[in-house]
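Please open the structure in a viewer and keep the selection tool at hand.

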Amino acid sequence: PLYPAANPVAYSNHLVNLAHLYYDIGDHRSALENVKKAVALKKATGERRTLSNAFTLLGNIYRRQQHYANAVETLQEGLLLARRAGDRRLMAESYEGLARTFLSMKEHEPALQYVDRSIELAQQARLPYLQQELRELLWQILEQKGETARAYDAYRRYVALRDSVVGLEKQRLLTELEYQFENEKKGQRIQ
C-alpha cells in the first residue's frame, strides 16, 4: 500500500489513476474527490510534471457535470502547465477537453479551433489513438454545425485512421504471438 507521508508524489499519482478509473465507469463524484486530493497534494509537494494531467481530468469531470465555466478554467490551467512542460500529448489532451467542453456548450467555432490544434499536436507527437478520437470529435463538431460536406470529409478521415489504428493493433498482436511461438520453440529444443 502507498502511504501519503512516505511518498506523497507516488500517492498523488495513485489518486489520479484512481480518479481516472472512477471517471471511466461514470462515478464522477468519486473521481472528483480523488483528483481534488491529488491536485492539492501535487501543489503542496511542488510536483508539476503530472499536475497538467490531473487538471485535464478535473476539467473533463466538470464538463461531464455540466459545470462548463469550471471546466474551461481548469482545462486552461492544465494546458498552461502542459505548455510549460513542453509535453505535446498533455497539450493535445487539454485542447481536446476544451473542444469537447465548447461542443457541449454548442459553441462550435472555439470547439473547432481547439480540436484543430489538438489534431496538429497529436500528429506531431505521433499519437494515432488520440488522432483517431480527435478525428471523430472533429466529425461530430462539423455535423452539429451543419457543415455536411466538411463533416463527411472528416468522417472519411476518421474511418481511415480508425482502420489504420486497428491495423497497428493487429500487427502488435501478431508480433507478440510470433515472439511467444519462438520462445516456446526454443523451450522445446532445450528439453
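Begin by selecting Leu-98, Val-115, Leu-138 and Ile-141, the residues with the most contacts inside the largest nonpolar core, which has 28 residues. A nonpolar core here is a set of buried Ala, Val, Leu, Ile, Met, Phe, Trp, Tyr and Cys residues joined through side-chain atoms within 4.5 Å. Buried means under 20% relative accessible area, exposed over 50%, and partly exposed in between (1.4 Å probe, protein chains only). The model is a predicted one, in which local features need pLDDT of at least 70 and side-chain atom pairs count only at pLDDT 80 or more, while totals for chains, interfaces and linings use all residues. Residues are numbered from 1 along each chain as its sequence is written, and side-chain values use heavy atoms, with hydrogens and water left out.

Helices (H or I, at least four residues) are DSSP runs, numbered from the N terminus. The greatest contribution to this core comes from H5, with eight residues.

Now centre the view on Val-115. Leaving aside residues up to four places away in sequence, Val-115 touches Ala-99, Leu-134, Leu-137, Leu-138 and Ile-141; contact means heavy atoms within 4.5 Å. Another core, of 20 residues, lies apart from the largest one and includes Tyr-23, Ala-38, Val-39 and Leu-81.

Turn then to the charged side chains. The structure holds 10 salt bridges, each a side-chain nitrogen of Lys or Arg within 4 Å of a carboxyl oxygen of Asp or Glu.

Select Glu-96 and Arg-100, which form a salt bridge whose closest N and O atoms are 3.1 Å apart. Both residues lie in helix H5, four residues apart, about one turn of the helix. Glu-96 is buried, at 9% relative accessible area, whereas Arg-100 is partly exposed at 23%.

Proceed to Lys-145 and Glu-109, whose side chains meet in a salt bridge at 2.1 Å, N to O. Because Lys-145 belongs to helix H7 and Glu-109 to helix H6, the pair ties together parts that are 36 residues apart in sequence. Lys-145 is partly exposed, at 28%, as is Glu-109, at 42%.

Finally, select Asp-153 and Arg-156, joined by a salt bridge of 3.2 Å, N to O. Both lie in helix H8, three residues apart, about one turn of the helix. To end the tour, display Glu-109, Lys-145, Glu-147 and Arg-150 together: salt bridges that share partners join these residues into one network.

How values were computed
Helices (H or I, at least four residues) and strands (E, at least two) are DSSP runs, numbered from the N terminus.
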